[in-house]
Amino acid sequence: MANHLKEERTLVIIKPDGIQRSLIGEILRRYERLGLKLVAIKMMVPNKDHIEKHYTLDPNWRTITGEKTIASYKKKGMKPPSEDPLEITAVILENLKTYMTSGPVIVMVWKGVHAVKIVRKITGGTEPLTSDVGTIRGDFVLDSYQISDIDKRSVRNLIHASGTEDEAEKEIKHWFEENELINYRHIQEAILYDVNLDGILE
Ligand code: CMP
């Protein structure tokens, strides 16, 4: 957990489809213009083991992801591929390993007050079909659980963003060495966080 609220950090990955869709600049712009500070960034091709570890850092991930998928099918009046969340997630995880290692990804750390929640809000819900308009997933991609399950592949939703502060800290450690994170002051932090706003008028 960050010492001060404005020190909160979150991990964002631009997935291989985000890079292939030429959306790197657009995605960075969305987070940057909020006032978040970019403190680490790198491009790499991850291996399958690294991806499996990433998604299973949270011991509840398998259950939550399976349950979310079942709920999404039922909300649309459709029958889920299985009633067992763990069976669903086993397939999702295998497909994710193929998807996430299919090409380069960009991994970054953004810092700022409420970084985790703000990034999730701007990124939008997991399934692009139902992500809100105005979010990155809602605006730039059209995939769904239905078609990705028929085609036996992952939902292509451009981005991964940490779900909680605790998850973010674990994920940052999984992807970055501490010395890859840059500590620096961004000039705009004064207008975002200073209490008294002195020093603007001459
Ligand atoms: P992400 O936010 O990275 O978290 C887990 C990923 O698994 C998710 O984005 C999707 O890419 C993928 N995913 C989650 N649920 C499903 C599903 N039901 N079918 C296919 N892919 C899924």
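Predicted model: local features only at pLDDT ≥ 70, side-chain atom pairs only at ≥ 80, totals over all residues.
Local features need pLDDT of at least 70 and side-chain atom pairs count only at pLDDT 80 or more, while totals for chains, interfaces and linings use all residues. Residues are numbered from 1 along each chain as its sequence is written, and side-chain values use heavy atoms, with hydrogens and water left out.

**Exercise 1.** State how many salt bridges the rule gives.

Solution. Apply the rule: a side-chain nitrogen of Lys or Arg within 4 Å of a carboxyl oxygen of Asp or Glu. The count is 15 salt bridges.

**Exercise 2.** Locate the salt bridge between Lys-42 and Glu-180.

Solution. The N to O distance is 3.2 Å. Lys-42 belongs to strand E2 (residues 37–44), and Glu-180 to the loop between helix H9 (165–175) and helix H10 (189–193), so the pair ties together parts 138 residues apart in sequence. Helices (H or I, at least four residues) and strands (E, at least two) are DSSP runs, numbered from the N terminus.

**Exercise 3.** Decide whether Asp-143 and Arg-153 are buried or exposed.

Solution. Take the classes: buried is under 20% relative accessible area, exposed over 50%, partly exposed in between (1.4 Å probe, protein chains only). Asp-143, at 6%, is buried; Arg-153, at 18%, is buried. Their side chains meet in a salt bridge of 2.7 Å, N to O.

**Exercise 4.** Describe the pair Glu-26 and Arg-29.

Solution. Their salt bridge has an N to O distance of 3.2 Å. Both residues lie in helix H2 (residues 24–32), three residues apart, about one turn of the helix. Arg-29 is partly exposed at 39% relative accessibility.
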